[in-house]
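Hello,

Here is the structure I promised to hand over. Please open it first; my notes follow below.

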Amino acid sequence: MAAEVNAELQHVRNYWLNFMKPKSPIYTFLLNDIEVVSATKGSVTAHLKVLSVHVNSKGTLHGVVSSCLMDWAGGMSIVSTGLDNSGLSTDIHTTYVSVAREGDLLEIESHASKVGASLAFTTIQIRHAGGNGQIVAHGTHTKYVKAK
């Protein structure tokens, strides 16, 4: 069942599709097929199917893709608070827990723990969608923001 399109989800999707995606070649390449499935104030959930461009020489999700997802999702959770920008990264930490393979569907969940006047703090979890929801990676992302 599709998520209700609330104001936060509409704002995040609009920001992603009309501002961030067209202006970021790396996001366009790696996250072209990501789908924002839900958003509330400070939280975003998205799905991404692992494609051949996402895997390393061992056939598993490349670490750079996990880190890219941390960057993207942290910014999207900040945008979900109503800001019109996703901030500038000051720190990203990624912990790799398990693997994902081509064809797997990932669920990316991000929460903005605090969005202050100059810094925003987020936590992100990447896991297998459905089934047992095994965690693939988790992390934190701090961004410089100019709050309204």
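Tyr15 and Phe19 both sit in helix H1, four residues apart, about one turn of the helix. Helices (H or I, at least four residues) and strands (E, at least two) are DSSP runs, numbered from the N terminus. The model is predicted: local features need pLDDT of at least 70, side-chain atom pairs count only at pLDDT 80 or more, and totals for chains, interfaces and linings use all residues. Residues are numbered from 1 along each chain as its sequence is written, and side-chain values use heavy atoms, with hydrogens and water left out.

**Aromatic pairs**

Rings of Phe, Tyr and Trp (its six-membered ring) pair if their centres lie within 6.5 Å; planes under 30 degrees apart count as stacked, over 60 as edge-to-face and the rest as tilted. By this rule there are three aromatic pairs. Tyr15 and Phe19 form a tilted one, at 5.1 Å centre to centre and 40° between the planes. Buried means under 20% relative accessible area, exposed over 50%, partly exposed in between (1.4 Å probe, protein chains only). Tyr15 has 7% relative accessibility, so it counts as buried. Phe19 has 38%, so it counts as partly exposed.

Trp16 and Tyr27 form an edge-to-face pair: 6.1 Å centre to centre, 65° between the planes. Trp16 lies in helix H1 and Tyr27 in helix H2, so this pair ties together parts 11 residues apart in sequence. Trp16 is buried at 2% relative accessibility. Tyr27 is buried at 7%. Trp16, Tyr27 and Trp72 form one aromatic cluster.

**Core**

What does Trp72 touch, not counting residues up to four places away in sequence? Its contacts (heavy atoms within 4.5 Å) are Trp16, Met20, Tyr27, Leu31, Ile34, Val36 and Ala46. A nonpolar core is a set of buried Ala, Val, Leu, Ile, Met, Phe, Trp, Tyr and Cys residues joined through side-chain atoms within 4.5 Å. The largest has 32 residues; Trp72 is among those with the most contacts inside it. Helix H3 gives the largest share of this core, eight residues.

**Sheet**

Six strands form an open sheet in the order E1-E2-E4-E5-E6-E3, with antiparallel pairing. Two strands pair if DSSP finds at least two bridges between them. Strands E1 (35-40) and E3 (88-96) stand at the edges, each with a single partner strand, so one side of each is left without a neighbour in the sheet. E3 pairs with strand E6 (residues 135-144) in the antiparallel sense over eight bridges. Thr95 has His138 in E6 as its bridge partner.

Best wishes
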